[in-house]
Amino acid sequence: MTVFLGLGIAGIVLLVLSLVLDGVLEGLFGGTGVLDGLFDGLLSLPVIAGFVSMLGFGGAITLGTTGIGAGPATAVGVGAGTGAAWLTWKVTRALMRDQTARTPNGDDLVGSSGAVVTAIPADGYGEVLLHLAGQPVKLAARSPIAVARGTEIWVDATLSPTSVAVRPVER
């Protein structure tokens, strides 16, 4: 039973180390290509940790509750470990495929509204405050006509990453 409990504890320690030292083992061989892809699937540290810990704890529980020998307890532990490894592999694959929304860019501002914070002279530059993806963005703004501070505007075009062409909202 001590061996099984030792395996279970070793698996949990390995899992904690894989979380704390994420990527360190792969980084030890950085650039050599020795471990390329090895830790991406069934041989990843969380999968191995899940297998070892369930092998140990499953064997210990079986040995302690049924009184059968170490051989059948090992078989039960291997089954439990295989199940835990498969489940860990499936969950990590699902998490790795999770995609976030694309990053907004300047073209997303075209057609949005905002307000002038620094007056814009005719054919000159001022500043506007817009909202991009729920965040306030202050940009330089150009307009063919003079636009007073506080005027609501529409963005007609993106001139550069930090400036836009605007026109006042007509009511």
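**Ground rules.** The model is predicted, so I took local features at pLDDT of at least 70 and side-chain atom pairs at pLDDT 80 or more, while totals for chains, interfaces and linings use all residues. Residues are numbered from 1 along each chain as its sequence is written, and side-chain values use heavy atoms, with hydrogens and water left out.

**α1 and α3.** I looked up helix α1 (residues 2-20) against helix α3 (residues 45-66); helices are DSSP runs of H or I, at least four residues, numbered from the N terminus. They pack at about 155°, axes 7 Å apart (axes are lines fitted to C-alpha atoms over the stretch in contact, angles run from 0 to 180 degrees between N-to-C directions). That makes α1 and α3 roughly antiparallel (over 145 degrees). Their crossing is left-handed (near helix turned anticlockwise from the far one by less than a right angle; clockwise is right-handed). Residues in contact (heavy atoms within 4.5 Å) include F4, L5 and L7 of α1 and L45, P46 and I48 of α3.

**α3 and α4.** I then checked α3 with helix α4 (residues 70-97): the angle is about 145° and the axes are 7 Å apart. This crossing is right-handed.

**S143.** I found S143 in strand β3 (residues 135-143); strands are DSSP runs of E, at least two residues. S143 is buried at 1% relative accessible area (buried is under 20%, 1.4 Å probe, protein chains only). Its side chain reaches the backbone oxygen of I145 at 2.9 Å. Beyond neighbours within four places in sequence, S143 touches I120, P121, A122, D123, G124 and V166.

Methods
Angles under 35 degrees count as roughly parallel, over 145 as roughly antiparallel, 65 to 115 as roughly perpendicular and the rest as oblique. Buried means under 20% relative accessible area, exposed over 50%, partly exposed in between (1.4 Å probe, protein chains only). A polar contact is a pair of N or O atoms within 3.5 Å; within protein, one must be able to donate a hydrogen and the other to accept it, and residues adjacent in sequence count only if both atoms are side-chain atoms.
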